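Please study the sequence and the structure before reading each solution.

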Amino acid sequence: FEKVQEKGATIRPKPKPAPVPAPKPPIVKKPKLKSDQEILESYTYGVNDPNRERGYGSLLARQHGSVKFDGLSKNNLASIANAVDDTLGRYDGLKVYHFGYFKRNMQTRNANAAAWYGSRQYILGVKKSYAKSPKTAAKRSVANFENKKRATIQNYENTLKSIKERKAKGQYVSGSDVVEKLEKQLKIYKNPKYDKWSISCVADDPLYATIKHECWHMIDFQVNKIKNGVNAPMLTQGGARNSIFGKQLKKFGATQDEWYFVSQYSGSDIAELWAETGTALDLGFYVPENIKKAFIGTLKEVGLTYP
């Protein structure tokens, strides 16, 4: 007989349950992005703000609004708003009464922008022509700096040569230390690190850098008062000798000659050194290590950190 391989019993497979659809993620409404105008307004004192005080800043806000940059391009307004948000937004409580173009009693000689503080009336103003064409102004400043640097070096070298020739002939030269002073200045001008008038002149976005600089002035004006009471001094109040920043500079051995290696403008005043240093560090420009340590140490002393 032929063997027949019988097939095994066939069992009908049970139908697989339909896959359970994955739960849909909840719909999260994205917060509406603030406009540049709204960003700036968020750093101003509202009409009903209990901390708002009467004064020139509040007068400007009543007359012109807390933010007034009429006719400014969208990109340039964004540069201003981003600089304010990136800088003042770093620490709590920083506000101003008015952002806007220079108005009567606000214009400062040769300034493209300025920060004011008086009776806690904080104001940040910008020259209208600069706000509209910042790159043109920056190029002009770079050219002026280079021309003046070359001319000054040539003048110092000629003066030193003349003095040394007169001394060699036994002629009288006024000022016993005049040669030493000129040689010291010449050394600064010839240093490769002495290479710019200001950070904003060489930044990719000059307007952003300029507003950031003014915001670091606002930080100087306000942070110690916010942290330690309205009678607490500003960070640069008291100058190079007695201010919080000045004492930190001395602690880390930063000489005034080194201020110029942040920028020429830094060398003019300790408040400008403060604002230029903050701007340079934020934007990745060179700052002498001892000045950087003094800057960070100043913020640390009033209970803040950097970056």
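Two rings of Phe, Tyr or Trp form a pair if their centres lie within 6.5 Å; planes under 30 degrees apart count as stacked, over 60 as edge-to-face and the rest as tilted. The model examined here is predicted.

**Exercise 1.** Classify the pair formed by tyrosine 45 and tyrosine 97.

*Solution.* 
Step 1. Tyrosine 45 belongs to the loop between α1 and α2, and tyrosine 97 to the loop between α3 and β2, so the pair ties together parts that are 52 residues apart in sequence.

**Exercise 2.** Classify the pair formed by tryptophan 216 and tryptophan 274.

*Solution.* 
Step 1. The centres are 6.0 Å apart and the planes stand at 80°, so this pair is edge-to-face.
Step 2. Tryptophan 216 lies in helix α8 and tryptophan 274 in helix α12, so parts that are 58 residues apart in sequence are tied together.
Step 3. Both tryptophan 216 and tryptophan 274 are buried.

**Exercise 3.** Describe the lining of the largest pocket.

*Solution.* 
Step 1. The volume of the largest pocket is about 920 Å³.
Step 2. Among its 40 lining residues, Asn110, Ala111, Asn112, Trp197 and Tyr265 are the closest to the centre.
Step 3. Helix α5 contributes the most to this lining, with nine residues.
Step 4. By type, the lining comprises 18 nonpolar, 13 polar and nine charged residues.

Technical notes. Residues numbered from 1 in each chain as written. Predicted model: local features only at pLDDT ≥ 70, side-chain atom pairs only at ≥ 80, totals over all residues. Heavy atoms only, no water. 1 Å grid on protein atoms, 1.4 Å probe; cavity = no way out; pocket = protein on both sides within 12 Å on 5 of 7 lines; lining within 4 Å. Points joined across faces, edges and corners; volume = space filled by probe spheres on them. Helix = DSSP H or I, 4+ residues; strand = E, 2+ residues; numbered from the N terminus. Nonpolar A, V, L, I, M, F, W, Y, C, P; charged D, E, K, R; others polar. Buried < 20%, exposed > 50% of the residue type's maximum accessible area, 1.4 Å probe, protein only.
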